[in-house]
Amino acid sequence: MFNQTDAAPYDEVFDAKGDIRPLYETVCAHMSSNQVAGIEHMQQSADLSLLNQGVTFTVYSDARGTEKIFPYDLMPRLIDAQEWQRIEAGIIQRVTAMNLFLEDIYHGQKILRDRRIPAAQILGSNLYCREMSGLNPVGGIHVQISGIDLIRNQTGEYMVLEDNLRCPSGVSYVVENRMVSSRIMPELLNRHRVRPVSQYPQMLFEALASFSPLDKPCVALLTPGIYNSAYFEHAFLASQMGAELVEGRDMMVHDDILYMKSTRGLKRIDVLYLRLDTEFIDPLVFRPDSMLGVPGLMHAYRSGNVTLANAPGNGVADDKALYAYTPDIIRYYLGEDPILPIVPTYLGAKPDDLAYMIDHIEKLVIKPTDASGGYGLLVGSHATKEEISEFRRRLKAEPTHYIAQPIQQLSTHPSFLDQDGQKGFYARHIDLRPFAVCGADGAVKVLSGGLTRVALRQGSLVVNSSQGGGSKDTWVLYPDGGQQHA
Amino acid sequence: MLSRTAQTLYQLGFLIERTENIARILGVNSRMSVEQQVFSDLDVWSPVLEITHNREHFETNFGEVNEGNVVRLLLIDSHNPYSVRACVLQAREIARSVRELISEELWLHINLFYHDMEKEFASNQLHDWMAFIEKVHIFANAFHGLAHNTMVRGDAWQFMRLGYALERGRMTQRILQIKYHLLLPATADIGSPLDLHQWQALLRSVSGYEAYRRLYQARIEPSRVIKLLMLNPSFPRSLHYCIHEVFQALRAIGMSNEEQFTVYRFTEVFLDDLRGGAASEEIIAMGIQKYLSEEVSERCGKLDTMIRAGFFDSVTVNLTDDQAHLLRVQIPQQQQMRTHFSSRGASHETF
């Protein structure tokens with residue numbers, strides 16, 4: 001039933017000798033006892049339930065923009081309490097440092113004057129948002145919502161792959177996946193002491209509301225609209241928070257105050273959760289052709305009449321090129337060593353690194369600095385000769401546009417799928433995106449769970465949903481053992 | 001409530017009602033066509049095209065008026081805005097955009113039906129369309145039941161109610177009007193088996209046959225049918241009942257500007273006419289055909305326009321200028337229709 005031919009050096013379930021790790025004993029026993037037929041049945045009812053709920057996303061490359069369910073893999077990913085403690089501490093540390101960093105570069109720029117990061121790296125970035133300089137967000141907080149991507153390397157160590165400080169999405173799947181699990185395998189769930197995830201909308205609401213001095217502030221979520229791939233999540237979060245789901249055309253700014261147009265006239269908005277890229281939010285300040293934002297929004301923000309979450313201009317901090325400097329940022333602002341290491345990163349902007357990149361392209365993942373969602377990257381080991389020479393050409397033409405990282409052997413996890421007509425559990429690469437929120441007091445709270453994404457294609461290292469990825473329910477266990485022995 | 005979402009909910013109520021009405025009309029007509037051999041001169045399908053505003057679209061795309069073509073047009077043709085498929089597609093699309101405002105159960109219900117329907121239409125053929133029509137009936141009525149039992153009686157509910165009540169009233173009016181327009185028998189035919197047959201079908205298409213029998217027992221008389229469908233205050237598909245629903249919904253929503261007050265007053269007067277006998281006098285004075293086509297149709301149309309103007313299309317804002325004068329400003333809602341492309345590329349949600 002378990003096929004480990006594609007397993008990475010570090011597999012989450014099986015150790016190097018091929019034995020089941022103690023953490024997973026109960027889960028594996030449960031899966032084996034159900035046999036393939038039973039599991040197939042569970043999988044079908046899970047898929048049907050997701051389809052009926054409309055838990056779907058839209059694929060851009062598809063001409064009709066068809067809706068698909070985000071594949072749910074029913075074998076859960078388990079994280080024990082000790083491991084989680086480290087992850088949680090690492091994320092809190094990272095988000096705290098990033099908030100200090102963003103507040104600094106949009107004010108005194110001490111870190112640049114102390115020459116810890118080359119000024120050109122920040123000020124020359126097209127993600128540096130001049131409109132934010134000197135602007136004082138409440139509490140100095142820029143990153144209210146984050147979803148930092150982690151991977152486990154060949155030794156099983158958790159490492160940061162990417163910081164998502166703008167519009168991290170996927171948290172609705174964390175909550176929905178748990179709902180599906182509790183429906184299709186309640187016994188298994190009950191035999192583990194799993195920390196809940198359904199409180200996320202409340203965590204988010206409380207964090208957002210803390211930015212307004214009012215007792216009951218009006219919180220709204222700005223969506224680009226129904227055709228956005230993450231629309232399901234926008235509606236889900238708005239509904240679960242009891243917040244208003246607004247589009248740009250529902251709002252207007254008058255006298256630097258943001259209002260929404262309601263059937264009873266105008267209603268003031270105090271906190272706006274942006275699920276729209278910075279460049280689209282205000283045609284008077286950013287892209288003038290944007291119909292999705294609100295003219296005057298930045299003025300209202302600058303006047304302190306509304307809080308925007310996440311703050312515009314965060315892109316400069318989760319830029320793939322800046323990533324190489326993040327350990328220095330943590331040391332500089334917090335005086336601590338990073339709890340979670342980063343993957344070694346070569347910058348196209350540095351001549352030595354560039355030479356290395358061009359020579360060792362087969363061993364590297366080349367990523368454009370300004371793209372996300374797994375678009376436009378090259379995995380050297382899996383690329384054709386033409387692709388490699390094409391990327392060499394691009395690297396030489398626009399070196400600052402690219403970074404490179406050694407190909408990471410992402411850990412694998414058994415996933416239920418059909419391979420060559422045989423259904424069973426096959427080892428597939430996974431990563432982990434835990435979600436964190438930060439209130440006006442700067443306290444970072446991490447949701448005890450996360451989105452485990454699976455690269456369902458055989459051998460693939462790209463887990464993005466847009467590239468054929470799926471997801472797993474992620475069970476973070478309470479201390480004192482995972483399994484309750486009946 | 002946001003003006004945009006209020007409009008969406010209004011539209012949702014309207015679409016569900018229209019879906020049901022199309023199925024209803026089709027079902028009744030097919031029953032009539034079974035007896036067609038007896039009344040060979042009866043063209044049962046043309047009136048259907050009239051009621052559903054489909055004459056033109058039909059003639060350019062289908063040609064011959066026969067059962068198969070009409071059924072395809074009204075059930076499967078997604079390019080025809082008056083088809084069940086188009087209505088359900090659109091209802092589901094917009095329900096998704098307000099899913100945080102309707103109950104979870106209601107959303108599931110719509111989405112499930114949508115998936116079932118698409119599966120059924122996958123081949124673009126429908127083998128047992130009568131069975132499908134039955135499903136549409138159950139779908140629409142379960143929708144109302146679910147909405148009734150699971151939704152808070154807030155603005156969301158009221159706007160949805162406004163949408164379906166007005167559409168239901170208009171449909172009843174149209175069905176009656178078509179009967180007069182197309183099926184008007186020669187004087188000699190009045191009271192003939194054919195005439196009775198038509199009146200029966202008409203009553204059935206608004207679920208009014210049993211109601212009629214219970215109220216009037218006797219044989220079907222046109223004047224009584226009109227009374228039932230227009231003026232009866234307790235028959236749930238009568239114009240009177242529907243306008244009463246509209247009125248109730250408006251009252252619950254409340255008024256916060258001049259236009260909204262005007263809509264409310266307009267509805268109140270309309271309702272008074274239906275209630276107080278002014279309408280029945282008018283029917284006699286104008287003749288039923290004129291009454292339906294001018295009075296009722298115009299009033300309903302105006303009501304729809306006024307609701308849109310008062311609640312959706314603009315917002316009246318009170319502002320104070322430098323001299324402390326109170327200004328009333330109309331801020332138009334932007335009615336931009338956006339393509340998939342403009343909004344979907346705008347958020348590089350990292351995922």
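Q: What share of the contacts in chain B, among residues at least 6 apart in sequence, join residues at least 24 apart?
A: In this predicted model, 64% of those contacts in chain B join residues at least 24 apart. A contact here means C-beta atoms within 7 Å. The secondary structure of chain B comes to 16 helices and two strands. Of its 351 residues, 44% count as buried.

Q: Where in chain B is confidence lowest, and where is it highest?
A: Helix α16 of chain B, residues 340-344, has the lowest mean pLDDT, at 40. Helix α12 of chain B, residues 239-253, has the highest, at 96. The scale runs from 0 to 100. The average over chain B is 81, and 81% of its residues score at least 70. For the model, ipTM is 0.75 and pTM is 0.84.

Q: What makes residues 334-345 of chain B a stretch to treat with care?
A: Their pLDDT stays under 50. The model has 18 contacts for them beyond four places in sequence. Where pLDDT is low, predicted coordinates should not be read in detail.

Q: How do you know what span to expect of helix α15 of chain B, and what does the model give?
A: The expected span is 1.5 Å times one less than the number of residues. Helix α15 of chain B, residues 288-312, has 25 residues, for which 36 Å is expected. Its first and last C-alpha atoms lie 34 Å apart, close to that value.

Q: Which residues of α15(B) are called buried?
A: The cut-off is 20 or more other C-beta atoms within 10 Å. Buried residues of α15(B) include Y291(B), L292(B), V296(B), R299(B), C300(B) and L303(B). I307(B), G310(B), F311(B) and F312(B) are also among them.

Q: Why is strand β23 of chain A called largely enclosed?
A: Five of its five residues, 451-455, are buried, so the rest of the structure largely encloses this strand. Both faces of β23(A) are covered. L451(A), R453(A) and A455(A) lie on one side, T452(A) and V454(A) on the other.

Q: What makes β20 and β23 of chain A a pair?
A: Pairing takes at least two bridges. Strand β20 of chain A, residues 422-433, and β23(A) have four, in the antiparallel sense. L432(A) stands opposite T452(A). Another four bridges join β23(A) to β24(A), residues 469-476, again antiparallel. There T452(A) stands opposite K472(A).

Q: Why are β5 and β22 of chain A said to stand at the edges?
A: Their open sheet has three strands in the order β5-β21-β22, with antiparallel pairing. β5 (145-147) and β22 (444-446) of chain A each have a single partner strand, so one side of each has no neighbour in the sheet. Neighbouring strands of this sheet are turned by 20° against each other on average, direction ignored. Three bridges pair β21(A), residues 435-438, with β22(A).

Q: Which helix lies across β5, β21 and β22 of chain A?
A: Helix α7 of chain A, residues 200-209, lies across them. α7(A) runs at about 30° to β21(A).

How values were computed
Residues are numbered from 1 along each chain as its sequence is written. Chains are lettered from A and ligands numbered from 1 in the order in which they are written. This is a predicted model: local features need pLDDT of at least 70, side-chain atom pairs count only at pLDDT 80 or more; totals for chains, interfaces and linings use all residues. pLDDT is the predictor's confidence in each residue, from 0 to 100. Two residues are in contact if their C-beta atoms, placed from the backbone, lie within 7 Å. A residue is buried if 20 or more other C-beta atoms lie within 10 Å of its own, exposed if 12 or fewer, and partly exposed in between; C-beta atoms are placed from the backbone. Axes are lines fitted to C-alpha atoms, for helices over the stretch in contact, and angles run from 0 to 180 degrees between N-to-C directions.
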